[in-house]
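Please look over the sequence and the structure below before reading on. The paragraphs that follow go through a few places, one after another.

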Amino acid sequence: MSVSAIPVIAIDGPSASGKGTIAAAVAQRLGFHYLDSGALYRIVGLVAGERRINLDNDLEVSRIALNLNIKFNGEDVWVDGREVSGLIRGEVAGAAASRVAALPGVRAALMTLQRNFRQQPGLVADGRDMGSVVFPDAGLKIYLTATPEERAQRRYKQLISKGVDASMAALLQDICDRDHRDSNRAAAPLLKCSDAIEFDTTGIPVQSVVAKVLQLYQDRQKEQ
Ligand code: C5P
């Protein structure tokens, strides 16, 4: 079977819109592979920061992106043999990710790595450009949104539950800054593809969104 025949569900949307939770749950229900593309940008941002590289230097940051040895195991992530699962989830890595993600060379460097996740029996991929750039032929494209206030609230709960100190006002500001950077950059800006189905998840429980995505996927399969 050719790679293009392997099913892909692309789930895009802004920061903290629930993409990761929904995509992982849908992948699990279908027995598909799961790509958390944001983790890749977070790793590149983290490592570039640690090596004190200017986060706007496309050449040097892309070199890092090209040479990293990244391994996923469920929610755990290793880079060059070091476990970085907790480190990359922090707000510092998130902000660094959104800066390095604006660099065209970095995006190009991560392309093959992302496309290699497309394996049998299928893939659920979440990010900003899964449907628009990385998997433009995805059979189902979903664009998840929620109000910035709700997204800040979700992130707040997530951090507090992990014992991490957080401020709602700072989180809301960070989410708005990140939305602005992700939507206004020249390289693969965050956008809803014309063939994506948009869901506003504000106030909707995770399980209902997961059920809706699964239903849409089944409907698409019947249409084929
Ligand atoms: O999804 P997550 O919040 O982990 O992504 C971190 C950052 O990585 C985002 O703010 C965005 O700038 C960038 N990103 C991207 N393209 C993707 C996934 C993430 O530009 N496909």
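**A walk through the model**

Thr-145 has its place in strand β7, which covers residues 140–145. The model is a predicted one. Is Thr-145 buried or exposed? Residues count as buried under 20% relative accessible area. Thr-145 has a relative accessible area of 14%, so Thr-145 is buried. Leaving aside the neighbours within four places in sequence, Thr-145 is in contact with Pro-14, Ser-17, Glu-198, Phe-199, Asp-200, Thr-201 and Thr-202.

Another strand residue gives a second case. Phe-72 lies in strand β3, residues 70–73. The relative accessibility of Phe-72 is 27%, and therefore Phe-72 counts as partly exposed. Apart from neighbours within four places in sequence, the contacts of Phe-72 are Asp-36, Ala-39, Leu-40, Val-77 and Phe-117. Asp-36 and Phe-72 are 36 residues apart along the chain, and their C-alpha atoms are separated by 9.4 Å.

Next comes a helix. Helix α10 takes in residues 168–184, which is 17 residues. Which residues of α10 are buried? They are Leu-171, Asp-174, Ile-175, Arg-178, Asp-179 and Asp-182. These residues cover an arc of only 135° around the axis, so they sit on the same side of α10. On the other side of α10, Ala-169, His-180 and Asn-184 are exposed. What do the buried residues of α10 pack against? Their partners are α2 (37–50), α5 (91–100) and α9 (148–161).

Now turn to the ligand. How many residues surround the ligand? There are 17, and the closest are Arg-42, Arg-107, Asp-129, Asp-182 and Arg-185. Helices α2, α5 and α10 each supply at least two residues of the shell around the ligand. With 4 residues, α2 gives the most to this shell.

Asp-129 has a polar side-chain atom that lies 2.9 Å from a nitrogen atom of the ligand. For Arg-178, a polar side-chain atom lies 3.4 Å from an oxygen atom of the ligand. In the side chain of Asp-182, an N or O atom is 2.6 Å from an oxygen atom of the ligand. Taken alone, the ligand exposes 450 Å², and the protein buries 97% of that.

The last stops are in loops, where the backbone is the topic. Where does Pro-121 lie? Pro-121 is in the loop between α7 (111–115) and β6 (123–127). The peptide bond that joins Gln-120 and Pro-121 is cis, with omega about 5°.

Ala-16 is found in the loop between β1 (8–12) and α1 (19–30). The phi of Ala-16 is near 60°, a positive value in a residue other than glycine. Arg-52 is in the loop between α2 and α3 (58–67). Its phi is near 60° too, and Arg-52 is also a residue other than glycine with a positive value.

Conventions. Residues are numbered from 1 along each chain as its sequence is written. This is a predicted model: local features need pLDDT of at least 70, side-chain atom pairs count only at pLDDT 80 or more; totals for chains, interfaces and linings use all residues. Side-chain values use heavy atoms; hydrogens and water are left out. The expected span of a helix is 1.5 Å times one less than its number of residues. Buried means under 20% relative accessible area, exposed over 50%, partly exposed in between (1.4 Å probe, protein chains only). The arc is that of the directions from the helix axis to the C-beta atoms. Contact means heavy atoms within 4.5 Å. A residue is near a molecule or strand if one of its heavy atoms lies within 4 Å of it. A polar contact is a pair of N or O atoms within 3.5 Å; within protein, one must be able to donate a hydrogen and the other to accept it, and residues adjacent in sequence count only if both atoms are side-chain atoms. Accessible areas come from the Shrake-Rupley method with a 1.4 Å probe; for residues, only the protein chains shown count as cover.
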